[in-house]
Amino acid sequence: MFSEATYQAAIAVADTIETHFAHHLATARMRGVTELTPEPKAKAIESIIDATFWASLQREEGHSPNISLALLPPDLAGDPLIFERRLSLTPYNLTKLAPAVKRPGVHLGVWYDDDHLYVWGTTTVLPRVCLVLEVIEPGLLVIKHRRIDGFGKFVNIAVLKGDQVKVVDEQSSSLSDCPALLNSLLGMPLPSFLSDSVNVLVELATSMREHGRGGILLIVPTESKTWSDSIVHPISYPIVPAFTGIKDLMSVDIDSKKNQLLWQESLRRMVDIVGGFTAVDGATVINQDHELLAFGAKITRSEDGRSIEQLITTEPVVGASPVIIHPSQNGGTRHLSAAQFVYDQRDSMAMVASQDGRFTIFAWSPVLEMVHAHRIDVLLL
């Protein structure tokens, strides 16, 4: 029998997670995806969250555990490392194992039989739509899965922080003027050709959060220079000619699995180069073809523009409601300047990362006739 959970958030969210995986695994099967994990039971989900939450509050030799657990049997893992003896899934065992699996991409493999959860080993390769539970910090857990398309940021399902539960609202994509970046983070089906199935802005958003310094990325039209009317001149660090590393990779025809892996690594490297510049004070500017134009740029109100007076803010979480606020209520100077830029340059978009992990996309909504601030940190953890 599964042990009774004592972490109430695990009990509250388990049925919702079970329903999510039943739907997405069915969708994957309809699309011809094979070697999928069996649908996880709500009680198994509840128990794995419960054990992991209590483990996250422990310390081993002065360190809090950062763990990633994958719920799958070992025969569905790629190149698994299998322990001679299974270990019971307990907070104690997870805390002891945590130092060995701290590096990104390494997951503890967890499965169950006869209603008993156990740790069977580790894996670095997961099947698509495999449940992953990650400890971000003590008391902060993210439930996610590898996307059906295989490559890119995992799809977040729920975020649990103490007694707070945020379940991602997959219907957020039905909102008017929903950015393609948000669609991708919500796991919307993408084309089969690899370079078409990658949303570069998602990868850039992830890279921006990883450096932890905060930053602004402006995405401007390729064939227009009017965006420079909202930038202080001279620009601190213009790039001439524009850096085309990401653009060049996105036009490559990939004809083999080996080349796919090389392409993925090259793209990550180019994304991290561009993402790294967002750590410099000021805004980094790319165009819609992903060419790097400048960094360290200072945003100002355009000469004939007006100050932004209101915006609408939303979060893709079940139960959250849109709120219209003054821009100064939405964050610090980065958020205010990004909102002003989009208000002046309505064919552009801005992405803002805060040092505390908050992440917001600013885009002009022709339907609402105002700047729309999409808060998406719940999708990026």
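Seven aromatic pairs occur in this predicted model, a pair being two rings of Phe, Tyr or Trp (its six-membered ring) with centres within 6.5 Å. Local features need pLDDT of at least 70 and side-chain atom pairs count only at pLDDT 80 or more, while totals for chains, interfaces and linings use all residues. Residues are numbered from 1 along each chain as its sequence is written, and side-chain values use heavy atoms, without hydrogens and water.

**Aromatic pairs**
- F53 and W54 are edge-to-face because their ring centres are 4.9 Å apart and their planes lie at 70 degrees (under 30 degrees is stacked, over 60 edge-to-face, the rest tilted).
- F53 is buried at 7% relative accessibility, whereas W54 is partly exposed at 32% (buried is under 20% relative accessible area, exposed over 50%, partly exposed in between, with a 1.4 Å probe and protein chains only).

**Helix α2**
- In α2, 13 of the 15 residues are buried.

**Charges over rings**
- The charged end of R86 sits over the ring of Y118, 4.0 Å from its centre (NZ of Lys or CZ of Arg within 6 Å of the ring centre and within 35 degrees of the ring normal).
- R346 lies over the face of Y343, 4.8 Å from the ring centre.

Conventions. Helix = DSSP H or I, 4+ residues; strand = E, 2+ residues; numbered from the N terminus.
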